[in-house]
Amino acid sequence: MAVSPAAAQDSAKYSTEALEQGIAEHAVSRLAVMVPMRDGVRLSTNIFTPRNARGPLPTILWKTPYNEHKLRGSTLRYAYEAVKRGYVFIVQNERGRYFSEGQYEILGLPQTDGYDTLSWIAQQNWSNGKVGTLGCSSSAEWQLALAGMNHPAHAAMVPMSAGAGIGKVGRFQEQGNWYTGGVPRNLFFVWLYGVDNPLRAQLPHDLDEKTRARVAQYNDLNASKPKVDWNRQIKHLPVDRMLSSLGEPPATFEQFIHRTPADRGWWQGGLYHEDMGWGVPALWFNTWYDVSIGPNLELFNHARKVGNTAEVRDNQYTIIAPVVHCAYQRLGPDTVVGERPMGDTSFDVDGAVFGWFDRWLKGNTEAFPASTPKVRYYAMGENKWKASASWPPASVKMQRLYLRSDGRANSLWGNGRLDAAAPGKEPVDRFRYDPLNPVPTVGGGDCCNGGIVVPGAFDQRSVEARDDVLVYTSEPLEKAMEVSGFIDTVLKVSSSARDTDFAVKIVDVAPDGTAWIIGDTILRARYRDGFDKPVMMAPDKVYTLKPTPIATSITFGVGHRIRVEVTSSNFPKFVRNLNTGGPNESESKGQVADNVIHHDQENLSYIDLPVVP
């Protein structure tokens, strides 16, 4: 496909060489400045000040656990755009990473390090006392707990794809995306191998700033670990030896792997929890195929309710794009996500970001007008940007579709169906779940996993061909249906096992049969009564399961069908349940479970769709 002249010009403008030259022309750089924290630990900080700038200046702070002393990627781009617009741009490494001192901890102690950094910035003679925080993924997640502290210099924030900073909020208790529905996610095992490095080299404490800056130009203290075949390693049992079997010393993984979702240890770190309040105006960026879209939107709504002031409550905005984790710069004409064309998704991300900061850090109220819609979201399928005053849109009506069959919903060729009419007497659907032959993950929302899962919209028919996947499909739609909001699922289940998982997937079936994944969820049965109340199952007794909601916006077109898949695994996205009822993460042997979905007038299984009239 030919590249347009405008796209080629934009690519040249934002090439690494052009951006580095722009930084050199527009900024005065101070590298590896050691900023002290309250406990004496110093964090390595790069400061880019607009050249020839006058008077106190606003600051944009980008905090990261990654190797960004040499600016790269989106950090380099935002640094250039910031200094060009008259902002001081600061990149700071979290403690325990690269040139920063101290021991690494996920999110870098945001409730102290973040606060102390804001205080240090506000005290500098070049600062106007207003700081905005910016970043995607890890560079966004530390901002959340900081927002609960309401630092006087923290004037505004732009968290992008920030779900791993959320502990418990509302219906979601995923503890930084470590879990979904009490089932651990494998992505963190891979991520921690690359990021956690307890045996790291450090520079001498008394090295002067000039020498540190010099060293930073040619030595980044980056660990070079052996490459791992993660598609093979992720199958390792027991799970709690996933990293030690590679020779890794005990570190964060070993601290977290045996915690339950209700373990009080999750409340001691840097995660944001719903009892912390909220003190900062925020412009949230999210994506439909991210690992954390549900908790992110739940927190957006939470901040609108519990903000410390009316001004804070009234100034929460979100933008939800149809791409994968942190892929905002890919928005544009002819966007493809996974394998599905999404149309023209063009959106002025930089304009929104700097308009937001101009409003709160420079006092330019016209840069981001109060009339801006609170929610701007992309309706997939319809392939159109839409606006709303709330999430979900206030006009949504819940529509219930029941899981039904003649007792053989197994696979794409079974007789499972979705129906608006409630069932009468109907036979159950049965399937056998073998943890050593799990249902494979194909697309969906994920990230940062070393390639074990490619996120995005992919055809699910290879999964639906399996006999251990129950498939329920509606009749073709006679008119288009927009579903925007949180999709709820209720399952009536039983099992031969003391504990097992139930995984649910929402699928858009095109007229040609292509089955595009929209979203998925999962619940470990032992947590059906609450994450703080694990209870094993009795053989063949019927239980009610309510997995965490699926958040999306999808317009099912005319002739399309709505499909629900139900099974007991989604691997390698989620850790397999070995079905023993024991300490799953330390066990090496599993057992086969005979699992059942009930759907008759006494035991209704269904989904509730938030339909926009």
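1. In helix α5, the residues Ser138, Ser139, Ala140, Glu141, Trp142, Gln143, Leu144, Ala145, Leu146 and Ala147 are buried, where buried means under 20% relative accessible area, exposed over 50% and partly exposed in between, with a 1.4 Å probe and protein chains only. Because 10 of the 10 residues of α5 are buried, this helix is largely enclosed by the rest of the structure. Helices (H or I, at least four residues) and strands (E, at least two) are DSSP runs, numbered from the N terminus.

2. The model is predicted, so local features need pLDDT of at least 70 and side-chain atom pairs count only at pLDDT 80 or more, while totals for chains, interfaces and linings use all residues. Residues are numbered from 1 along each chain as its sequence is written, and side-chain values use heavy atoms, with hydrogens and water left out.

3. Helix α5 (138-147) also belongs, with α6 (187-195) and α9, to the elements that give two or more residues to the lining of the second largest pocket. That pocket holds about 560 Å³ of space, and among its 42 lining residues Glu105, Ile106, Leu107, Thr252 and Phe256 lie nearest its centre. On a 1 Å grid over the protein atoms alone, a pocket is an open set of points with protein on both sides within 12 Å along at least five of seven lines, a cavity is a set where a 1.4 Å probe fits but cannot get out, and lining residues have an atom within 4 Å of a point. The lining of the second largest pocket has 17 nonpolar, 19 polar and six charged residues; here Ala, Val, Leu, Ile, Met, Phe, Trp, Tyr, Cys and Pro count as nonpolar, Asp, Glu, Lys and Arg as charged, and the others, Gly among them, as polar.

4. Four cavities of 30 Å³ or more are present, a volume being the space filled by probe spheres set on grid points that are joined across faces, edges and corners. The largest cavity contains about 250 Å³ of space, and of the 22 residues that line it, Asp290, Val291, Ile293, Gly294 and Asp520 are the closest to its centre. Elements giving two or more residues to this lining are α10, β23 (515-524) and β25 (550-556), with the largest share, four residues, coming from β23.

5. How many of the 14 residues of α10 are buried? The count is 11, so α10 is largely enclosed by the rest of the structure, and the buried residues include Ile293 and Gly294.

6. The structure holds 28 aromatic pairs, for which rings of Phe, Tyr and Trp (its six-membered ring) must have centres within 6.5 Å, planes under 30 degrees apart counting as stacked, over 60 as edge-to-face and the rest as tilted. Phe256 and Trp266 form a tilted pair, 4.9 Å centre to centre with 50 degrees between the planes. Phe256 lies in helix α9 (residues 252-256) and Trp266 in the loop between α9 and β11 (282-289), so this pair ties together parts that are 10 residues apart in sequence.

7. Phe347 and Trp385 have ring centres 4.9 Å apart and planes at 45 degrees, so their pair is tilted. This pair links distant parts of the chain, 38 residues apart, with Phe347 in the loop between β14 (340-343) and α12 (349-361) and Trp385 in strand β16 (residues 384-388). Trp385 is partly exposed, at a relative accessible area of 21%.
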